[in-house]
Amino acid sequence: MAHLASRRTRALAVPVGLALTASLGFLPTATATAAPTGEQTSASVRTDGPKLSYVVNTRGGHGTVKNVKKAIAKAGGTVVIAYEQIGVIVVHSQNPAFGETIRRVRGVESAGATRTNPIVPQATKDVGSIAQPLTAEQAAAAAADAKAGEDPLEPLQWSLPAIKADKAHEKTLGSKKVTVAVIDTGVDDTHPDLAPNFDTGASANCVSGAPDTTAGSWRPAAGESDHGTHVAGTIAAAKNGAGVTGVAPGVKVSGIKVSNPDGFFYTEAVVCGFLWAAERGVEVTNNSYYTDPWLFNCKNDPDQGALVDALTRAVKYAERKGTVNVAAAGNSRHDLALDAIEDTTSPNDTEAVTRTVDPSACPDIPTMLPGVVTVSATGAKGLKSSYSNYGKGIIDVAAPGGDSTVYQTPEPPAVNGLILSTLPGGKFGYKAGTSMASPHVAGVVALIKSKHPYASPAAVKALLTLQADAKACGEPYDINGDGVIDAVCEGGKNYNGFYGAGVVDALDAVRW
């Protein structure tokens, strides 16, 4: 059975030879907030409720934001930070009626709580999927198999030739003028395979909703998830004669920490992450998570709808500033193109409820937001990974994310069907998930930007899909061979629900 320590990040860690049967990232809907019954005055504002975080989304303009800030204070709220460029204000309040009060204010378009649990330390330390460590025997065997020009662990990285990254590296490693921001659980920039390519100027801790640039604030603390460090290595681990090799080993990588110590990715932190990356000219962001506490955020719910609004603004702003945003599709085996999915795990920070949602009205964010490149995962045999979400019209491209060796065994000298990458403390280990597929795509996007530094995000995304190797649905999908169809792939060879436009091609990224 998979060792799943988190439902929040889009990674799976599976012992070799065991089936990937659990999913990371489901969430239900909530009941709409009741309509306000009357105006509050500052004298009657309650402050005895749970301390919650809110996003307040305003119409444009400094004057509007200024007036809304005054109303926030009157309603018992404290402004953490105001992102005037997108009209999003992050607020803390202990007024139980804050949301319904502030929604009535002139200039406010939406407002909602970003969590259902108060801002206090959580009891759980459920912070991320546990990686399988690389053994000394595996490392020694890989080094013996390494060819001239390969890093010693590269023979174990079956995913690089799967997207022709090894051939691409013969032409270029990518440009150091390109930075990929890993919006995630934090990145250990002291790792020997990451330090040569790390961009401290584009790194920050955004957990509070406001950026903290204290040196090292972007690193995972002791006991926190290794997820972001693993993702960063897949993108840009240096080709330096040691360890592993990234898809784009010549580009820069930064860490933007948006996951709190208990592994929750709340909206205010993610908004901060996109804005921080955009304002620093980051060319690519990788997003291997879903935004807590709802897997699906229903737009007709006042709270959830405000979260969709805030993140839509942040993603659009980043793209206007030139950033290509790449995201993992999720590990729930869901067909995201269906009009009804049962969600039994949301909200995941208090007590979950069961609800049926229509993903077109209740998107998984940021994955399903307009403009985001949505990535499904494949295994060592090139088939959709057993756990990967899919859906015609949702998936843009596919990339290696790994799978159980029971389902998809790699060719020697690789010995593990998961993805090998960097871990904190100078270590290496295996993980699987769409979390691992997305950074392969982010690395290819970085290679495209290296080749075409002035290309717009729209042009880069067009090249990404045009260069992808089209992959047909193939035989009926029975991944475990029990005679039961496990998922239905819709579409033709050039575009379908499993692989989108196809598996990304790093070699074409540096040739075209």
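I'll start with two helices. The axes of helix 7, residues 267–279, and helix 8, residues 302–320, come within 9 Å of each other and cross at roughly 10°. That makes helix 7 roughly parallel to helix 8, where roughly parallel is the word for angles under 35 degrees, roughly antiparallel for those over 145, roughly perpendicular for 65 to 115, and oblique for the rest. Axes here are lines fitted to C-alpha atoms, for helices over the stretch in contact, and angles run from 0 to 180 degrees between N-to-C directions. Helices are DSSP runs of H or I with at least four residues, strands are runs of E with at least two, and both are numbered from the N terminus.

Before going on, a word on the source. This is a predicted model, in which local features need pLDDT of at least 70 and side-chain atom pairs count only at pLDDT 80 or more, while totals for chains, interfaces and linings use all residues. Residues are numbered from 1 along each chain as its sequence is written, and side-chain values use heavy atoms, with hydrogens and water left out.

Back to the helix pair. Which residues of helix 7 and helix 8 meet? From helix 7 they are Thr267, Val270, Val271, Phe274, Leu275, Ala278 and Glu279, and from helix 8 Leu307, Ala310, Leu311, Ala314, Val315, Tyr317 and Ala318. Contact means heavy atoms within 4.5 Å. The residues of this contact divide into twelve nonpolar, one polar and one charged. Nonpolar covers Ala, Val, Leu, Ile, Met, Phe, Trp, Tyr, Cys and Pro; charged covers Asp, Glu, Lys and Arg; the others, Gly among them, are polar.

Four strands form an open sheet in the order 2-3-1-4, with antiparallel pairing. Strand 2 (77–83) and strand 4 stand at the edges with a single partner strand each, so one side of each has no neighbour in the sheet. From one strand to the next, the twist averages 20°. Two strands pair if DSSP finds at least two bridges between them.

Strand 2 and strand 3, residues 88–93, pair in the antiparallel sense over six bridges, and Ile81 has Val90 in strand 3 as its bridge partner. Strand 1, residues 52–58, is joined to strand 4 by five bridges, also antiparallel. There, Val55 has Gly112 in strand 4 as its partner.

Is strand 4 mostly covered or mostly uncovered? Strand 4, residues 108–113, is mostly covered, with five of its six residues buried. Buried means under 20% relative accessible area, exposed over 50%, and partly exposed in between, using a 1.4 Å probe and protein chains only.

Helix 1, residues 62–74, lies across strand 1, strand 2, strand 3 and strand 4, and runs at about 160° to strand 2. Helix 8 packs on the sheet too, touching strand 1, strand 3 and strand 4, and its direction makes about 115° with that of strand 4.

Last, the backbone. The peptide bond from Asp292 to Pro293 is cis, with omega near 0°; Pro293 lies in the loop between strand 9 (284–287) and helix 8. Another cis peptide bond joins Pro412 and Pro413, with omega about 10°. Pro413 is in the loop between strand 14 (397–400) and strand 15 (419–423).

Lys164 is not a glycine, yet has a positive phi of about 65°. Lys164 lies in the loop between helix 4 (159–162) and helix 5 (165–169), and at 29% relative accessibility it counts as partly exposed.
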